[in-house]
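Welcome, and please open your viewer. Keep the selection tool at hand, and we will walk from stop to stop together.

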Amino acid sequence: MRGELQRIVDAVAAHAGRPALIEDRRQRVVVYSEQNGLTDEVRRASILRRQSSPEVVAWVRDLGLSDARGPVRTPARPDLGMLPRLCVPVRHHELLLGYVWFIDPDGTMTDVDLTATGLLKELSLALYRENLLGELAAQRETEAARTLLADSPETRDQAARALLEAGMIAADGPRTALVARLVAPAQRQPDELARIALEQALVAARRRAGIREALHLIRHDHGVLLLPAEPVAGRPAPEVAARQLDEDLQHVTRALGSVERTVVGVGQTRARLADAAESYVEALHAARVGAQLPALGQVVFWSGLGSYRALARLGDQQLTVADVHPGLARLLATPGSEVLLTTLERYLDQAGNAHATAARLRLHRTTLYYRLQRIEELADTDLKDGDERLCLHLGLKLARLTGQHRPEE
């Protein structure tokens with residue numbers, strides 16, 4: 001199929017007298033001719049990443065090219081590194097399949113009449129078949145990946161066998177899960193462009209690992225990447241892949257108003273593909289904790305979460321601060337208590353060492369002792385009691401996790 005599309009795009013380029021590039025309707029690069037002559041940054045990046053950037057996708061949508069029925073001239077966008085172009089939408093019985101793009105820097109290119117040559121019909125049929133086959137393959141892989149992350153061990157075993165037998169995954173072996181989460185500004189949700197950006201970053205990470213070595217899946221509020229964990233020359237280790245994915249996410253979302261920041265959660269490695277769901281759950285919790293606690297950084301490892309590992313699991317059972325320590329819940333609800341809460345957390349983080357706490361907060365110890373006394377009064381607690389200190393410490397970490405306690409770092 002790709003051979004047929006390559007033949008067609010070469011014929012289109014020869015007919016037009018300049019290089020051509022064909023994208024599908026989601027602006028993923030399908031095929032392109034030899035790129036001789038003048039080019040621009042958008043063309044180079046599209047070929048390298050196999051997809052237009054979210055900024056270009058948004059601009060094309062604003063131009064209304066998805067509704068066009070004939071060639072459309074697009075102006076230059078110096079801010080995007082994009083020269084003027086001629087775009088020819090490709091349809092099959094009114095179904096939009098993609099676009100043919102020509103760079104036209106001086107506006108001298110006449111409208112390309114591909115219909116008269118029969119090339120447009122050939123291209124529409126070829127893209128339709130490519131789209132159909134691609135959609136079916138993607139659906140099979142997506143369904144198998146979803147099943148692989150299901151709760152039932154028997155179901156996971158069946159999904160792993162299906163992926164291996166169908167050749168979607170080259171071989172069984174250790175797997176590490178990464179979860180990419182887009183954090184939206186208050187009162188907003190990541191939009192469709194954000195989801196496109198998320199998938200673009202996941203696909204890039206998957207290509208680095210090997211298309212038949214890894215799996216990716218887009219879920220309603222995050223993306224999943226299952227990576228091979230065995231060390232192989234030329235393939236990034238999961239820890240490195242997580243950092244690279246973080247960089248890609250920052251790059252593709254930098255101009256999106258629906259994304260404030262990004263987080264990558266990393267689960268622990270499991271020995272078999274069928275057990276990757278356990279790593280996925282860990283990575284999902286790590287990403288959720290990281291979304292609530294920016295101080296943890298943009299790549300958060302489950303193995304490094306400390307007490308938050310237990311709290312993240314307990315959070316699924318609707319555990320509240322009042323369940324852990326009722327007095328702390330009252331203190332949290334007390335207006336103007338943030339200074340006392342920060343003091344208490346630092347004191348507990350320092351294992352009750354008053355000297356270290358005072359130094360960390362840059363306080364005189366008399367001031368520290370006064371604050372601790374006020375905390376004992378307001379929270380009805382005794383900081384000399386080990387069990388009380390444990391409950392208060394866990395309660396504060398849970399309050400951070402749920403957004404009830406947001407101290408300035």
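Here is a short tour, with something to select at each stop.

Before you start, note that this is a predicted model, in which local features need pLDDT of at least 70 and side-chain atom pairs count only at pLDDT 80 or more, while totals for chains, interfaces and linings use all residues. Residues are numbered from 1 along each chain as its sequence is written, and side-chain values use heavy atoms, with hydrogens and water left out.

**Stop one: a strand and its partners**

Select residues 85–92, which make up strand 4. Strands here are DSSP runs of E with at least two residues, helices are runs of H or I with at least four, and both are numbered from the N terminus. Buried means under 20% relative accessible area, exposed means over 50%, and partly exposed lies in between (1.4 Å probe, protein chains only). Arg85, Cys87, Pro89 and Arg91 point one way from strand 4, and Leu86, Val88, Val90 and His92 point the other way.

Two strands count as paired if DSSP finds at least two bridges between them. Look for Arg73, which stands opposite Leu86.

On to residues 95–103, strand 5, which pairs with strand 4 in the antiparallel sense over 8 bridges. Arg91 has Leu96 as its bridge partner there. The two strands form a hairpin with 2 residues between them, and His93 in the turn has a positive phi of about 50 degrees.

**Stop two: two rings**

How many aromatic pairs does a search of the whole structure find? There is 1. Show Tyr99 and Trp101: their rings are tilted, 6.2 Å centre to centre with 45 degrees between the planes. Rings of Phe, Tyr and Trp (its six-membered ring) pair if their centres lie within 6.5 Å; planes under 30 degrees apart are stacked, over 60 edge-to-face, and the rest tilted. Both Tyr99 and Trp101 are buried.

Next comes an open sheet of 5 strands, in the order 7-8-6-9-10 with mixed pairing. Strand 7 (215–218) and strand 10 (299–301) stand at the edges with a single partner strand each, so one side of each has no neighbour in the sheet. Inside the sheet, select strand 6 (residues 175–183) and strand 9 (residues 261–266), which pair in the antiparallel sense over 6 bridges. Arg181 has Val263 in strand 9 as its bridge partner.
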